[in-house]
Amino acid sequence: MPEGDTVWHTAQQLHAALADHVLIRSDLRVPKYATADLTGRTVLEVIPRGKHLLTRIEGGLTLHSHLGMEGSWRVYAPGERWRGGPGHQIRAILGTTDSTAVGYRLPVLELLRTTHEHRAVGHLGPDLLGPDWDPDLALRNLLRDPARALGEALLDQRNLAGIGNVYKSELCFLLRVTPWLPVGELTDDATAQLPALARKLLEANRDRLSRSTTGHRDQRLYVYGRAPRPCLRCRTSIRSADQGDGSRERPTYWCPTCQRGPTPP
């Protein structure tokens, strides 16, 4: 499941493969940009912004993509077989003489003027893995609606950018509160810990292929995806339920013993 760490890692791969190289192949397989031709242009850089990817290209253009739940970018050497999925799932191809980047199942793909990037990512809060990271601003954003459930507030990319459903559940476990606890009911200690802990988790995983919040190879996550197996701390069965704001429900995991706060009936 792509979250901020996955997007950061993807950006590094794409940047290493494409930056400072001239495109000799360009194929954007979405109707609006089907005739766009980027060949002959040099890729300047690829940067992550929360869960978004910005591929900046010579001539003041930016290819903006988002991985959504199932999207990915893969980089292939010349002659290497593409293995990211069937051809009908390909949404973008960017090729140089040395490598080809292929975007699969991308729910968002658009070509923008670089000066208009704010239209795509300007709404985002501080990026947990970005140069704009501001823990104080992130915390103020989260506390702006004290009655909102912590899990929902963490997923709102306008508050802070980069947390997805996995880190939402894991952060709440580490803070010892349920994802349904109103943000305003966090203890002072948990409130103070939250921004640094969130950044620590994503930083620790941005270079890993297999995400881990526990530091152990055999049990990589504390609660996410582990229901009804026993909690790694107290051996109580992990529980799961959907959580959302009415527009989209997401599976959420917690330990009923280790975490305090409201839970679904």
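Reader: How many bridges join strand β6 to strand β7, and in which sense do the two run?
Author: This is a predicted model, in which local features need pLDDT of at least 70 and side-chain atom pairs pLDDT 80 or more, while totals for chains, interfaces and linings use all residues. Residues are numbered from 1 along each chain as its sequence is written, and side-chain values use heavy atoms, without hydrogens or water. Strand β6 covers residues 90-95 and strand β7 residues 100-104 (DSSP runs: strands E of at least two residues, helices H or I of at least four). The bridges joining β6 and β7 number 5, and the sense is antiparallel.

Reader: Which strands form the edges of the open sheet of 4 strands?
Author: The order in this sheet is β1-β6-β7-β5, with antiparallel pairing. An edge strand here pairs on one side only. That applies to β1 (25-28) and β5 (72-76).

Reader: How many bridges does β4 make with β3, and how many with β8?
Author: Strand β3 (residues 52-57) pairs with β4 in the antiparallel sense over 6 bridges, with Leu-53 opposite Ser-65. The two strands form a hairpin with 3 residues between them, and Gly-59 in the turn has a positive phi of about 100°. Strand β8 (residues 108-113) also runs antiparallel to β4, and Glu-110 is the bridge partner of His-64. With β3 the count is 6, and with β8 it is 6.

Reader: Why is β4 largely enclosed by the rest of the structure, and how many of its residues are buried?
Author: In a regular strand, side chains alternate between the two faces of the sheet. One side of β4 carries Leu-61, Leu-63 and Ser-65, the other Thr-62, His-64 and His-66, and all are buried (under 20% relative accessible area, 1.4 Å probe; over 50% is exposed). The strand is largely enclosed because its buried residues number 6 of 6.

Reader: How far apart in the chain are Trp-180 and Trp-254?
Author: Their rings form an edge-to-face pair, 4.9 Å centre to centre with 75° between the planes (pairing is within 6.5 Å; under 30 degrees is stacked, over 60 edge-to-face, the rest tilted). Both Trp-180 and Trp-254 are buried. Trp-180 sits in the loop between α5 and α6 and Trp-254 in strand β10 (residues 249-254), a separation of 74 residues.

Reader: Why is the pair of Tyr-224 and Tyr-253 edge-to-face, and what is the angle between the planes?
Author: Tyr-224 lies in the loop between α6 and β9 (239-244) and Tyr-253 in β10, so the pair ties together parts 29 residues apart in sequence. Tyr-224 counts as buried at 15% relative accessibility, and Tyr-253 is buried at 14%. The ring centres are 4.9 Å apart, and the pair is edge-to-face because the planes lie at 70°.

How values were computed
Pairing = 2+ DSSP bridges. Phe/Tyr/Trp six-rings, centres within 6.5 Å; stacked < 30°, edge-to-face > 60°.
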